[in-house]
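Here are a few friendly notes to read alongside the model. Please keep the sequence and the 3D view open as you go through them.

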Amino acid sequence: MLHRLRGLGLSARVFERGEGVGGTWYWNRYPGARCDTESVTYSYSFSEALEQEWVWTERYAPQPELLAYANHVADRFELRRDIQFQTAVTSAIYDDVVRKWTISTDRGEKINARFCISAVGCLSAAALPDYPGLDDFAGEWYHTGHWPHERVDFRGKRIGIIGTGSSGVQSTIAIADEAAHLYVFQRTPNYSIPAWNGPLAPDALHAVKANYRQWREAARYAQIGIPFSSNGKSAKVASPDEREREYEAAWAEGGFNFVMAYSDLLTDLESNRTAADFVARKIREKVKDPGVAELLIPNDHPLGTKRLCVDTGYYETFNRANVTLVDIRRAPIETITPHGLRTTTESYDLDMLVFATGFDAITGPLLKIDIRGKGGELLQDKWAGGPRTYLGLTTVGFPNFFTITGPGSPCVLSNMLVSIEQHVDWITACVEHMRNAHFASVEPTLEAENDWVKTVHDIGHTTLYPLTNSWYTGTNIQGKVRMFTPYAGGVGTYRRVCDAVAADGYEGFEFTYADGSASI
Ligand code: NAP
């Protein structure tokens, strides 16, 4: 965004809480952290030179490589001089008279700006369970989303990890390699698909690079921003033999495309069941102890409706003698004790606790900031019943305020890099349009917002996602409204909608001149 705004000749300043760039890849440095979208796709496309010069070493990049990439991009495009690190934004307040935002930071600064653009991310507000006793825990404890920069030593230690989502799955595998003993406290098993990660052969990388424009275009118009598609068929209609072949092929390919094996896996319960049964069989094959295998098999949600995990050796980890799976659904954790934790049935002595307990997702990071629009309206109040946006980019009452990967856009249902770039380009074009036409402010109409909220809801409810308690529906955070807020119609469809809105003279938006008169 900064690069694009500079390209327009505007002055821009970025505020960043961390000491460095990288966002997710800056904070989530837990052992085993890696992206589960393939590196050649999970990368910037805005600069051909950048995509040609950067060499990915693995099919799925590990966190240090992604952080190095973010740093390389920051250096290459000389971004740092306009980024203020170690600075948290505390409030953003719109002045309707001068049509400007005042941004305040935790360093006591106040900055005036015509535009305020949120790039706070969807998974950056870590959530910690409120078990009693944590303050008295004598050992070390960490949250995967706030992992320290220094190396954490697991050797010889009894470690408890709470949480079995993507972060828990990845760190379990890595910690088990070093710990004296690892207890995995599982409340809800999740589906995990093999990544088959490994070195990225120079030939394979070269093949993508030789054809990168086509590759990127395919990603931009694909369902989830990753260039693969389903066979277009319904799983429940296929014969059992046919399905087995299809699932085996998708399993052998690995990663997210498993859920794209058939076109209705995320919309039809019966079809979804066939994929879930296949994965259950795979888990039984991998895990030697049948009791442990049954515990690891999800039984309370359709496959893929909690974000799929992608792993290299997760289920096999439970064959190790130094790993114990503890079912805290059956016997919940009661309290953290000075030397471990106690469930309703047992006590565990632990030297370290790892919380892989997720995030106040999608709206969480934004709503932690005091954001006030016209008439002093608080965004928290406006969104008290759930987020309301037009295109996931703007919201009524908050002029000149844009949300990169905001709720109501494909955001977390997509390859984030593709979605981020699409929003950045759309916002850039809108700002340029305003400058050319001498508009001072832009805001969606209530009608456009109402229609979009309904569209997002209606499309979401053609899928199985709303059936499940998950961070997608907000149920992982106490008191949060239960609502499925991402746009589930697909990255390509969404892009076409956004492009059409812009091409139609920004249909659904109202532009205002500096003297307060509105455009027609
Ligand atoms: P998550 O998917 O929300 O998983 C949190 C886990 O903690 C769940 O197993 C949850 O159990 C458990 N939990 C939460 N509160 C608990 C409590 N009070 N007691 C016991 N268990 C509790 O969080 P995450 O693993 O950090 O992943 C979040 C998202 O970040 C992912 O879905 C993904 O989008 C992204 N991510 C991506 C990557 C990658 O690209 N490789 C890696 C990590 C994360 P319940 O299910 O029962 O609530």
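1. Let's begin with Thr403, which sits in strand β18, a run covering residues 401-403. Please keep in mind that this is a predicted model.

2. Is Thr403 buried or exposed? Its relative accessible area is 4%, and buried means under 20%, so Thr403 counts as buried.

3. Now turn to the ligand, which 25 residues surround. The closest of them are Arg34, Asp36, Tyr131, Ser167 and Thr188.

4. Which helix gives the most to the shell around the ligand? That is helix α5, spanning residues 166-176, with three residues in the shell.

5. Sorted by class, the shell around the ligand is made up of ten nonpolar, nine polar and six charged residues.

6. A backbone N or O atom of Thr164 lies 2.9 Å from a ligand oxygen atom. For Ala356, a backbone N or O atom is 3.2 Å from an oxygen atom of the ligand. With Arg307, it is a polar side-chain atom that lies 3.2 Å from a ligand oxygen. As for cover, the ligand on its own has 900 Å² of accessible area, and the protein covers 87% of that.

Note on methods:
Residues are numbered from 1 along each chain as its sequence is written. This is a predicted model: local features need pLDDT of at least 70, side-chain atom pairs count only at pLDDT 80 or more; totals for chains, interfaces and linings use all residues. Side-chain values use heavy atoms; hydrogens and water are left out. A residue is near a molecule or strand if one of its heavy atoms lies within 4 Å of it. A polar contact is a pair of N or O atoms within 3.5 Å; within protein, one must be able to donate a hydrogen and the other to accept it, and residues adjacent in sequence count only if both atoms are side-chain atoms. Accessible areas come from the Shrake-Rupley method with a 1.4 Å probe; for residues, only the protein chains shown count as cover. Helices (H or I, at least four residues) and strands (E, at least two) are DSSP runs, numbered from the N terminus. Ala, Val, Leu, Ile, Met, Phe, Trp, Tyr, Cys and Pro count as nonpolar, Asp, Glu, Lys and Arg as charged, and the others, Gly among them, as polar. Buried means under 20% relative accessible area, exposed over 50%, partly exposed in between (1.4 Å probe, protein chains only).
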